[in-house]
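Hi there,

Here is the structure I promised to pass on. Have a look at it first, and then read my notes below.

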Amino acid sequence: MDISRNRARGSHQPTFAELFTPKLITALREGYGIADLRADILSGLTVAIVALPLSMAIAIASGTSPDRGLITAVIGGFLVSALGGSRFQIGGPAGAFIVLVAATVSRHGIDGLILATMISGIFLMAAGYLRLGTYIKFIPYPVTVGFTAGIAVIIFASQIRDLLGLTLTGKEPGDLIPKLEALGSALPTVNAAAVAVTVVSLVIIVGLRMLRPSWPGILIAVVASAVAAASLALPVETIGTRFGGIPQSFPLPTLPAMSLAKLQAILPDAIAFALLGAIESLLSAVVADGMTGRRHRSNCELVAQGVANICAALFGGICVTGTIARTATNVRAGAHGPLSGMLHSVFLLAFILIAAPLASYIPLASLAAVLAVVAWNMAEKHEFITLLRSSWGDALVLLATFLLTIFRDLTEGILVGFALGAVLFINRMAEITGIEADGPLVAADRADDANGDRAPYDAKLASDPDVMVYRITGAFFFGAASTIGSVLDGFSDRHKAFVIDFAAVPFLDSTAANAIKGIAEKAKRQGVRVILTGTSQGVRRALLTHGARPPLVKYRADVAAAVSEIKTRRAAAIQETSSLR
């Protein structure tokens, strides 16, 4: 290893232009050929096929018309890819915003929503230029899982009406408990045809995901249900019957009506949009980094998200953010760079201009089935259960965020969860301080052979290019997880064996444990062995609980044992290779 060389390489302070240069320019500077263009065209088309029904479904669930979802994906998606700091990010309307957007429409109308979206875009640009994107990573892992699961529950509840084809006597309530009461009262009005469309759509989506995962199951389900509804004249509500179809044209940019009173009224909603948009987009970029081994620039990404929200609102769109599922689809489809996301928007625009009348036949029950699947995938059920079993502190933060998101407000859930996470960290530090109260403030010098077990210095270890040893010192918690995680992530792709020593780590929380798991998964894809040493019983329990377990990682008593094992295996491999020759 050569830590000093790595530190020297990372000591360059990037200029403003370097920090905010879009990844599109970076990708083009690397060289862009016909094969790369072909890959981006195919991946862009694949993502457009997925985004087409999702964009309409999310817009409808948000209390707006389906064309606003498509406009958001076209304008917002194009700008996020063209200006963003992530190579693979796909922007557009996201399921996470359904709750906030629907509440804003209910309180302030469409004009209020558009104005709040524009103001949130300004906030996002300011956050990016002030370089606040790094601090978004400090949100504890239980908070992220809690509000994501809460949003999933609310999304599913919002689709029950269309899933069953219920007829309500009045307006559907926004709050969860009154909503469920109103839906329960309307159960006698269940539409059998709508239920059949829902069941068939779910069977197609889930079945194709299991049997033919490369096929666009969502689009196939929506098209099949539309054909069935039209050909069989099913008595189900469609986009045409509720919204009158989708305009076969693109709107001109217009400014929403605004006044000082209106700005004051929508300000809390704009702040909530900006906060959730920053979290969601950076989480999506992190997912893309984990799948590809690349690294995004968070502040440049926030600026792009801000510009995309402002411009989408000018054309009548709704909130834009990075979308995890569509971004992952983009990566798996073989995208080379940001041009793929830009082309996905172009393909969606072509649909609006050419095939918009066909959307009138799409049953709302089918789109509700799509969102039900989205909610199920969003819920992060395994992570939720893992955190409940992890520790009482993580469970408290998780449940507080989850319940407040469902029954109160998303922003309130995030803020309370973050505050509880900080209090939990202070409590853990106080416990450690109490345990070590009898110890000296500063460790005294001691003789080199005080323990009688000091091994001679091995210069080969420090210069071995294949082995990296990294020691973490102090509490490893959510505030330090992003920083240490980025350092380890950078080291893990340049060595064949990676040793992380936890001997000086008194505790780590779920965010840190999840970061180690992510690093180990990336290292495994690159053929790098990860060995964790010096873990105390509590630290090892947390790591194992969150998935950092064999064979993904190995545990050894100390660094010496890990290095000895690496050398022995390497010598055996060399000897085996020599014997084969």
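Let's start with the largest nonpolar core, which has 73 residues. Met56, Phe147, Phe273, Ile362 and Leu367 are the ones that touch the most other members. If you want to know which helix gives the most to this core, go to helix 4, with 11 residues. There is also a second, separate core of 25 residues, and Phe502, Ile519, Ala523 and Val539 are included in it.

Setting aside neighbours within four places in sequence, Phe273 is in contact with Phe97, Leu100, Val101, Thr104, Leu113, Ala116, Thr117, Ser120 and Cys319.

Before you go further, keep in mind that this is a predicted model. The average pLDDT for the protein is 82, and 85% of the residues score at least 70.

Next, the second largest pocket, which holds about 1000 Å³ of space. It is lined by 40 residues, and Ala102, Ala103, Pro173, Gly174 and Lys179 are the closest to its centre. The lining splits into 19 nonpolar, 10 polar and 11 charged residues. Which helix gives the most to this lining? That is helix 6, with 9 residues. Several helices supply at least two residues each, among them helix 4 (34–61), helix 6 (98–129), helix 13 (260–292) and helix 19 (392–407).

Two single residues are also worth a look.

Ser62 sits in the loop between helix 4 and helix 5 (66–83). Is Ser62 buried or exposed? Its relative accessibility is 1%, so Ser62 counts as buried, the cut-off being under 20%. Not counting residues up to four places away in sequence, Ser62 touches Ile98, Val101, Ala102 and Val105.

Val397 is in helix 19. Val397 has a relative accessible area of 3%, which means that it is buried by that under 20% cut-off. Leaving out neighbours within four places in sequence, Val397 is in contact with Pro142, Val143, Gly417, Leu420, Gly421 and Leu424.

Methods. Residues numbered from 1 in each chain as written. Predicted model: local features only at pLDDT ≥ 70, side-chain atom pairs only at ≥ 80, totals over all residues. Heavy atoms only, no water. 1 Å grid on protein atoms, 1.4 Å probe; cavity = no way out; pocket = protein on both sides within 12 Å on 5 of 7 lines; lining within 4 Å. Points joined across faces, edges and corners; volume = space filled by probe spheres on them. Helix = DSSP H or I, 4+ residues; strand = E, 2+ residues; numbered from the N terminus. Nonpolar A, V, L, I, M, F, W, Y, C, P; charged D, E, K, R; others polar. Buried < 20%, exposed > 50% of the residue type's maximum accessible area, 1.4 Å probe, protein only. Contact = heavy atoms within 4.5 Å. pLDDT = per-residue confidence, 0-100. Core = buried A, V, L, I, M, F, W, Y, C linked by side-chain atoms within 4.5 Å.
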